[in-house]
Amino acid sequence: KARVRLGYARSDTKEPNWLFTNRQVSMNGEVMHRIDRDIRLLNNLGIKTEYRWPPFAYQADETKVVDEFLSALPQQGPVIVLNPGTSERLKTQRWDADYFASIADYFVLSRRAKVVVTWGPGELKLAEDIVQTATEKISLSPELGSLRSLGYLLSRADLVLGPDTGPLHLADIQ
């Protein structure tokens with residue numbers, strides 16, 4: 001029974017929330033980060049706000065294994081992180097190992113990149129398959145032990161590729 005039910009215009013959302021709103025905000029085809037979209041939604045209600053990315057500070061125990069791992073890699077180019085995993089529920093978003101291996105080979109050959117394949121619980125076999133399928137030398141990330149250590153690795157990357165999952169969103173705010 002809310003008087004104002006605000007949401008995105010039909011053309012700006014995958015979800016059918018426009019069916020339940022009486023005020024809709026259009027993005028006018030602009031591509032922007034999800035947070036910026038949400039701020040525009042709030043501004044439409046007259047709620048002026050801005051967002052500042054939170055600063056991340058890492059502890060030495062969260063950075064040590066990543067720093068040692070990256071410094072031991074032989075290549076000299078940019079760091080490219082491939083994060084191939086998804087939850088069991090979103091397996092349809094997973095690429096096959098050979099697709100990731102082809103991308104890895106491309107970056108090693110064209111950019112002399114240090115390509116690192118990350119993995120989480122239940123994803124080690126997929127990550128190992130990518131490393132073994134690639135024809136160029138790429139590396140399997142060490143067991144990082146925490147989401148914060150993964151965040152630190154992603155912050156050190158020049159590029160992160162992966163499906164629409166938590167680690168990709170974490171990489172976006174690094």
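Mentor: Helices here are DSSP runs of H or I with at least four residues, strands are E runs of at least two, and both are numbered from the N terminus. The model is predicted. With that in hand, take helix α1: the residue Gly 46 comes after α1 and has a positive phi, near 90 degrees.

Trainee: Which residues of α1 are buried?

Mentor: A residue is buried when its relative accessible area is under 20%. In α1, the buried residues are Arg 37, Ile 39 and Leu 41.

Trainee: What covers the buried residues of α1?

Mentor: The cover includes two strands, β1 (6-8) and β2 (23-25).

Trainee: Which residues form a nonpolar patch on the surface?

Mentor: The patch is made of Val 4, Leu 42, Leu 45 and Ile 47, and together they have about 290 Å² of accessible area. Leu 45 sits in the loop between α1 (34-44) and α2 (60-72).

Trainee: Why does Leu 45 count as partly exposed?

Mentor: Partly exposed is the class between buried, under 20%, and exposed, over 50%. Leu 45 counts as partly exposed because its relative accessibility is 40%.

Trainee: Next, pockets. How much space lies in the largest pocket?

Mentor: Rolling a probe the size of a water molecule over the atoms shows where empty space is left. In this model, the largest pocket holds about 420 Å³ of space. Its lining has 17 residues, and those closest to the centre of the pocket are Lys 14, His 33, Arg 34, Asp 164 and His 169.

Trainee: Which elements give two or more residues to the lining of the largest pocket?

Mentor: Those elements are α1 and α6 (166-172). Helix α6 gives the most, with four residues.

Trainee: Asp 172 is in helix α6. What is Asp 172 in contact with, leaving aside its neighbours within four places in sequence?

Mentor: Contact is a matter of heavy atoms within 4.5 Å. Asp 172 is in contact with His 33 and Trp 53 once those neighbours are set aside. Asp 172 and His 33 are 139 residues apart in sequence, while their C-alpha atoms are 9.4 Å apart in space. With a relative accessibility of 40%, Asp 172 counts as partly exposed.

Trainee: Last, salt bridges. How many are there?

Mentor: A salt bridge needs a side-chain nitrogen of Lys or Arg within 4 Å of a carboxyl oxygen of Asp or Glu. By this rule there are five salt bridges. One of them joins the side chains of Arg 40 and Glu 30, at 3.0 Å from N to O. Arg 40 lies in helix α1 and Glu 30 in the loop between β2 and α1, so this pair ties together parts that are ten residues apart in sequence. Arg 40 is partly exposed at 26% relative accessibility, and Glu 30 is partly exposed at 43%.

Trainee: Which residue meets Arg 156 in a salt bridge?

Mentor: The partner is Asp 67, and the N to O distance between the side chains is 2.5 Å. This pair links distant parts of the chain, since Arg 156 is in helix α5 (residues 147-156) and Asp 67 is in helix α2, 89 residues apart. Arg 156 is partly exposed at 36% relative accessibility, and Asp 67 is partly exposed at 28%.

Methods
Residues numbered from 1 in each chain as written. Predicted model: local features only at pLDDT ≥ 70, side-chain atom pairs only at ≥ 80, totals over all residues. Heavy atoms only, no water. Patch = residues over 30% accessible without salt bridge, like charges linked within 9 Å, V, L, I, M, F, W, Y side chains within 5 Å. Areas by Shrake-Rupley, 256 points an atom, 1.4 Å probe, with all protein chains shown as cover. Buried < 20%, exposed > 50% of the residue type's maximum accessible area, 1.4 Å probe, protein only. 1 Å grid on protein atoms, 1.4 Å probe; cavity = no way out; pocket = protein on both sides within 12 Å on 5 of 7 lines; lining within 4 Å. Points joined across faces, edges and corners; volume = space filled by probe spheres on them.
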